[in-house]
Amino acid sequence: MNLALFFSPRASHRLGAFFALIGGAGLWLVLAAVASPARAAEPDWSRSLVSVEVTFKQADAFQPWNEPTRAIRKHGLVISASEVLTTAQYLPTHTLVRLQKGGRGRWFDARVKWWDAQSNLALITTDAPAFWAGQQAAELMETVPPGPEFGLLRWRDGNLENRRVEFSKFTVSDGVLGFAPHLLLEVGTDLGGLGWSEVVVRDGRVAGMTSYGTPRTCGVLPASFIRRVLAAYRAGNYAGLGYFDFTWQPGSNPELLAELGLKGEPRGAVVQHAGKESDPAKAPQARDILLEIDGFAIDVEGDYRDPDYGYLQLENLPGRARFAGEIIPIKLWRAGAEVTIPYTIPTAKFEDMLVPAEVFGAPPAYVVAGGLVFQPLTQPFLRGWGEEWRKFSPFRLQYFQYQDAADDRPSLVVMTGVLPDPINLGYQNDAMLVIDRVNGRRISTLAELVEALRAPSDGGVHRFEFMPGLSRQRLLLDAPGLDAATKRVVEHYGIPAATRF
Amino acid sequence: MAFIGLDESPARGGEKSRDFLRFSYVTALRPIAASVPVCRMKKSVGCVPWRGCKRIAWAGLLALAWGLGVSPMRAQLLAPGPDAARAVAAPAPVAQAIPLTAAEAEAALPSERAVVQILTSSQEPVYDAPWRFESVRRSTGTGFVIEGGRILTNAHVVAWAKQILVRRYQDPRLLPARVVFVGHDCDLALLQLEDPQGLADVTPLVLGELPPVRSTVVTAGYPAGGEQMSFTRGVVSRIEVQTYAHPGNRALLAVQTDAAINPGNSGGPVLQNDKVVGVAFQGIPGLQNAGFFIPPEIVRHFLRDVEDGRYDGFPLAGVTLEPLQNPAYRRHLGLPDDGRGARVDFLRADGSAIKVLRPDDVLLEADGLEVGSDGMVPYRGNRVTAGIAFQRPQSGESLRVKIWRDGAPLELDLPVTAYTGDRLAGRQYDAPPRYYIHAGLVFTPLSANYLDTVGRLGRDPAWEGFAKLLYELYHRPAENFASARAEPVVLAGVLPHPVNADLGVRGRVLVNRINGVRIERLEDVKRAFADNPNARHLLEFEGPEEGPLEAIDRAAASAAHADILRTYGIVSDQRL
């Protein structure tokens with residue numbers, strides 16, 4: 001290969017900065033050689049690409065006290081003397097993580113050092129020196145250039161496979177685990193079974209890591225995105241990815257822009273619905289026109305021109321050079337004039353959603369009371385209906401996903417089923433009912449439910465009221481007998497504990 | 001999900017007269033031959049893609065939940081879905097007919113002359129292009145002569161009919177007929193020959209009583225598989241309230257039998273001791289040897305309804321009953337644990353029952369039928385949902401109910417009326433869809449029929465836009481009646497023209513406001529455009545909060561209107 005084609009002084013400078021960033025010990029000698037203008041040969045990727053085995057707990061939507069385990073294998077990339085980079089998928093509920101180098105041989109016990117759902121990144125390490133011996137830290141590109149081809153590395157049956165994949169486009173997309181939009185490199189390929197953190201390379205450097213695969217395409221977390229997140233993490237100031245919490249539409253209808261009073265050439269995108277911040281001085285409001293964000297002009301498609309990646313959707317801007325909590329200037333057209341507001345980028349938090357797309361950090365929550373089983377309404381619960389859950393899970397439960405959380409109802413609790421017992425006779429067929437009130441108290445969480453059950457309504461009964469709709473509206477349970485019945489049910493059905501939340 | 005026993009097989013040859021028949025249809029209606037698969041879909045509701053079936057299932061649930069009391073289907077429908085969906089999608093089995101004995105065939109002879117074949121040419125509108133109609137389709141069904149020289153058949157046999165021909169038993173003539181009364185909610189229709197003398201020599205069949213379970217019945221009709229009248233024998237398997245597939249959102253008493261009821265049998269009599277004990281009408285794919293017929297109670301209700309020259313329909317009280325079997329609940333209401341009484345759980349805001357009943361009233365007796373704690377009533381040796389008691393009166397009549405309220409019994413008269421508030425949520429027939437077109441924007445009411453067009457596009461039912469329309473049509477009225485629109489309107493599509501080419505919203509979306517006017521019904525669309533004095537029309541979609549926005553130049557829209565209609569061959573810009 002012609003090394004001069006692949007290395008420029010600028011690149012060398014950037015690599016130097018990268019080394020300073022990630023720190024490390026003896027491996028830097030190797031990396032320094034790679035970074036020299038004299039350009040070394042193509043790295044021995046087998047010394048950087050490793051296998052990661054993750055055993056993790058799965059949720060049983062209909063028996064949340066059961067958590068069967070499953071194991072998967074994916075890839076990781078040695079990026080420092082003691083760190084393996086991989087995607088965060090499957091790690092939030094892991095029970096065991098192991099690493100293997102060279103595609104074969106011994107598995108080393110490992111531990112998760114850090115993971116982040118929104119960026120879908122994780123760092124793994126192991127205390128076994130034998131694992132690190134002979135490993136070589138890979139270099140992440142600072143900017144991923146568009147180009148016709150990349151190489152895709154993966155271990156297949158103990159052999160390192162390096163296959164060509166075609167550049168398709170840079171795009172902006174929600175993460176696989178999160179909902180904060182970020183840059184994504186999309187490559188076209190006929191290879192099957194991708195999306196297991198395979199590494200995409202070009203010119204001896206890492207261009208990204210796969211996060212999902214479809215039969216014809218593959219989504220790749222670009223190295224530049226990974227570098228930025230890791231740098232913030234290492235600097236101790238990673239506040240998480242942010243997002244725009246307002247909704248917008250393209251300004252491609254000139255008549256609409258004119259109706260909104262815009263003067264001059266058609267430009268900008270139209271805000272449909274404001275986010276949580278209702279102060280117009282701090283956030284875009286409905287019918288504002290987004291003209292400029294963080295200094296980038298917004299066109300009628302809702303795109304801006306990125307200096308590195310060309311035209312990208314404006315949704316990339318909260319994460320392009322900033323993180324959650326930072327203030328980003330937004331120039332708007334409002335009431336016949338331009339106005340610039342300081343918009344604080346909201347943190348992408350699942351708990352802000354009426355139906356959280358993910359629940360991490362705790363096992364599935366539930367309450368069993370007199371045989372009635374209650375769970376929070378979450379997307380993981382809906383996914384209990386299988387791969388085609390969007391088709392088969394109860395429509396009404398699903399539809400709450402399209403509704404906003406309210407201050408007085410930030411989340412929902414569902415009576416997901418009934419474990420038959422004499423106390424709940426007559427209710428054995430009831431299921432999937434969203435709780436409105438228990439004993440007169442409005443219920444949003446399992447904690448509120450448990451609290452409400454401490455104060456039965458008059459007449460010695462617990463009164464459960466459900467959301468108005470097509471199903472049962474209310475049921476009563478005997479209050480004095482509830483605790484004994486719960487104990488009986490828990491024993492009878494082999495449930496470890498009556499509550500977990 | 002039920003299928004409808006209507007035969008839309010391609011014309012079959014054989015006798016010379018049949019050849020003529022086939023020739024006349026095939027030549028006149030050439031597209032039919034090319035669209036046989038489509039026709040098959042129509043003949044069998046159960047064969048439509050599962051999305052449609054699922055919607056019907058929801059509609060059926062609504063019927064049970066809103067008006068017919070205890071809903072034993074609920075648990076089934078709310079249970080994990082894949083199995084239910086697979087059951088719906090399964091192909092209809094062909095039941096094995098049991099040949100009649102010679103004695104039975106001899107006994108059946110008097111009936112044969114009263115049983116007729118009905119040949120229908122029908123044409124349905126296109127709900128997302130509501131000024132257009134589909135190709136003409138041909139189908140056959142069965143009917144039978146009743147008193148007054150009238151022919152009773154299923155409503156679905158003659159729905160959307162452009163021409164109805166009757167063929168009598170072993171008679172070569174094709175006798176033109178017309179619909180006199182049709183009850184789409186109960187899937188029954190009364191026909192009359194254009195020449196009343198055409199049936200003068202036929203002895204009408206007489207209605208019998210509800211046949212007991214396990215008793216033998218005989219079906220007569222013209223099902224697929226041959227030209228001649230076919231008789232099959234079976235037993236009455238069970239008697240229950242079932243969702244009627246034709247309207248999709250009504251559940252009435254129905255009888256299940258293992259007598260073969262196949263496409264083409266629809267509208268045919270089910271006989272017992274020379275009397276009609278039912279009208280064959282639907283089956284359930286996936287269930288072997290299970291056909292359904294409409295019992296005499298429903299037929300008599302229909303016939304009595306039309307005596308005044310108008311069909312009103314079956315009443316719907318808008319009350320949902322729940323079983324009252326839980327001891328604590330019974331104690332709380334002051335009721336002994338004696339197995340009596342079902343609890344009023346929900347009252348529809350626009351139903352008639354809400355004027356008389358309250359939540360947590362306990363229904364002890366309805367129309368003389370004792371209501372059990374399971375929400376069922378004993379009915380001629382069966383237990384069926386108490387909802388049938390509310391369906392027995394005619395619209396406008398009352399039924400006597402005995403309830404338990406505030407610890408004491410109480411007797412009340414509950415007026416019931418035919419309910420049309422959920423018309424759009426059920427399948428509509430015979431009346432072409434309303435629409436209004438302005439500047440190439442096509443507006444039409446959101447309806448079950450309209451949603452079918454979304455399904456035909458192969459849209460995933462989980463598609464957010466589709467989900468929002470489903471919610472608006474089926475769920476919002478029950479959950480929040482005050483925020484529901486009387487007739488939700490959708491932008492069905494946009495007829496491309498320079499005046500509307502920049503619009504990002506291209507259809508299949510609920511219309512929220514136009515020029516600030518909240519769109520409650522289609523007429524509001526016309527008014528909102530006509531009354532706008534501003535330079536542009538502003539359209540807001542979805543809602544109730546802010547959704548997609550579009551604007552269109554008012555003067556340019558008016559100027560382009562006629563050109564757009566001409567370009568797309570639309571004769572009228574409205575059917576209101």
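Guide: Let us begin with a word that needs a cut-off: a residue is called buried if 20 or more other C-beta atoms lie within 10 Å of its own. Please keep in mind that this is a predicted model.

Visitor: Why does A:Ile495 count as buried?

Guide: A:Ile495 has 20 C-beta neighbours inside 10 Å, and because the cut-off asks for 20 or more, the residue counts as buried. A:Ile495 lies in the loop between α12 (482-492) and β28 (499-500) of chain A.

Visitor: Which residues are in contact with A:Ile495, leaving aside its neighbours within four places in sequence?

Guide: With those neighbours left aside, the contacts of A:Ile495 are A:Trp65, A:Val368 and A:Val490.

Visitor: How much of each chain counts as buried?

Guide: In chain A, which has 501 residues, 45% count as buried, and in chain B, which has 576 residues, the share is 51%.

Visitor: What makes a set of residues a nonpolar core, and which residues touch the most other members of the largest one?

Guide: The members must be buried residues of the nonpolar kinds, joined through C-beta atoms within 7 Å. The largest such core holds 138 residues, and those that touch the most other members are A:Phe374, A:Leu449, B:Val158 and B:Leu363. Not counting residues up to four places away in sequence, A:Phe374 touches several residues, including A:Tyr366, A:Val413, A:Met415, A:Leu446 and A:Leu449. Another core, of 134 residues, lies apart from it, and among its members are A:Phe167, A:Leu332, A:Tyr343 and B:Trp131.

Visitor: How do you know that strand β1 and strand β2 of chain A pair?

Guide: Pairing asks for at least two bridges between the strands, and β1 (residues 49-57) and β2 (residues 69-80) of chain A have nine, in the antiparallel sense, so they count as a pair. Within this pairing, A:Ser51 stands opposite A:His75 in β2(A). The two strands belong to a closed barrel of six strands in chain A, with antiparallel pairing, whose order is β1-β2-β3-β6-β5-β4.

Visitor: What makes β7(A) and β8(A) a pair, and how many residues lie between them in the hairpin?

Guide: Eight bridges join β7 (residues 149-156) to β8 (residues 159-174) of chain A, and because at least two are needed, the antiparallel strands count as a pair. A:Arg154 stands opposite A:Glu161 in β8(A). The hairpin has two residues between its strands, and A:Asp157 in the turn has a positive phi of about 50°. β8(A) and β9(A) also form a hairpin, with six residues between them, and A:Val172 has A:Leu183 in β9(A) as its bridge partner.

Visitor: How many residues does each chain give to the contact between chains A and B?

Guide: Chain A gives 41 residues and chain B gives 45 residues. On the side of chain A that touches chain B, 21 residues are nonpolar, 13 polar and seven charged.

Visitor: Where is the confidence of the predictor under 50 in chain B?

Guide: In chain B, pLDDT stays under 50 over residues 1-100, whereas the mean for the chain is 82, with 79% of its residues at 70 or more. Chain A averages a pLDDT of 90, and 92% of its residues score at least 70, but over residues 1-40 of chain A the value is below 50. Where pLDDT is low, the predicted coordinates should not be read in detail. For the complex, the predictor gives an ipTM of 0.86 and a pTM of 0.85.

Notes
Residues numbered from 1 in each chain as written. Chains lettered and ligands numbered in written order. Predicted model: local features only at pLDDT ≥ 70, side-chain atom pairs only at ≥ 80, totals over all residues. Contact = placed C-beta atoms within 7 Å. Nonpolar A, V, L, I, M, F, W, Y, C, P; charged D, E, K, R; others polar. pLDDT = per-residue confidence, 0-100. Buried ≥ 20, exposed ≤ 12 C-beta atoms within 10 Å, placed from the backbone. Helix = DSSP H or I, 4+ residues; strand = E, 2+ residues; numbered from the N terminus.
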